[in-house]
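Visitor: Can we go through this one together? I'd like to start with what counts as a contact.
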Amino acid sequence: MTSDEIEAYVRAAAAALELPITAEQMPGVLANFARLAAVAAPVNAFDLGPADEAAPVWRP
């Protein structure tokens, strides 16, 4: 995601949740969201096949 896409998403999500984010908080929120997007990128890039399904019960 680009920084503009991240900001648009954060603002839209905050509005949908009626979550006020002040101007002072926004840079930190955007930085954290960018970090989270970077961490999630490899997981999202992993291709799953048609037989791959979530387990109905998680057992360690």
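Guide: Contact means heavy atoms within 4.5 Å. One caution before using that: this is a predicted model.

Visitor: Fine. What covers the buried residues of helix 1?
Guide: The cover over the buried residues of helix 1 includes helix 2.

Visitor: And which residues of helix 1 are buried?
Guide: Ile 6, Val 10 and Ala 14 are the buried residues of helix 1. Viewed down the helix axis, they fall within an arc of 60 degrees, so they line one face of helix 1.

Visitor: Why would residues spaced like that point the same way?
Guide: An α-helix has 3.6 residues a turn, so residues three or four places apart point the same way.

Visitor: Which exposed residues sit on the face turned away from the buried side of helix 1?
Guide: Asp 4, Ala 15 and Ala 16.

Visitor: How many residues has helix 1, and what is its reach?
Guide: Helix 1 has 14 residues and reaches 20 Å from first C-alpha to last, close to the 20 Å expected at 1.5 Å a residue.

Visitor: What follows helix 1?
Guide: Glu 18 follows helix 1, with a positive phi near 55 degrees.

Visitor: Which residues line the largest pocket?
Guide: Among them are Tyr 9, Val 10, Ala 14, Leu 17, Asn 32 and Phe 33. Val 10 and Ala 14 are also buried residues of helix 1.

Visitor: How does the lining divide into nonpolar, polar and charged?
Guide: The lining of the largest pocket has 10 nonpolar residues, 1 polar and no charged.

How values were computed:
Residues are numbered from 1 along each chain as its sequence is written. This is a predicted model: local features need pLDDT of at least 70, side-chain atom pairs count only at pLDDT 80 or more; totals for chains, interfaces and linings use all residues. Side-chain values use heavy atoms; hydrogens and water are left out. On a 1 Å grid over the protein atoms alone, a cavity is a set of points where a 1.4 Å probe fits but cannot get out, and a pocket is an open set with protein on both sides within 12 Å along at least five of seven lines; lining residues have an atom within 4 Å of a point. Ala, Val, Leu, Ile, Met, Phe, Trp, Tyr, Cys and Pro count as nonpolar, Asp, Glu, Lys and Arg as charged, and the others, Gly among them, as polar. Helices (H or I, at least four residues) and strands (E, at least two) are DSSP runs, numbered from the N terminus. The expected span of a helix is 1.5 Å times one less than its number of residues. Buried means under 20% relative accessible area, exposed over 50%, partly exposed in between (1.4 Å probe, protein chains only). The arc is that of the directions from the helix axis to the C-beta atoms.
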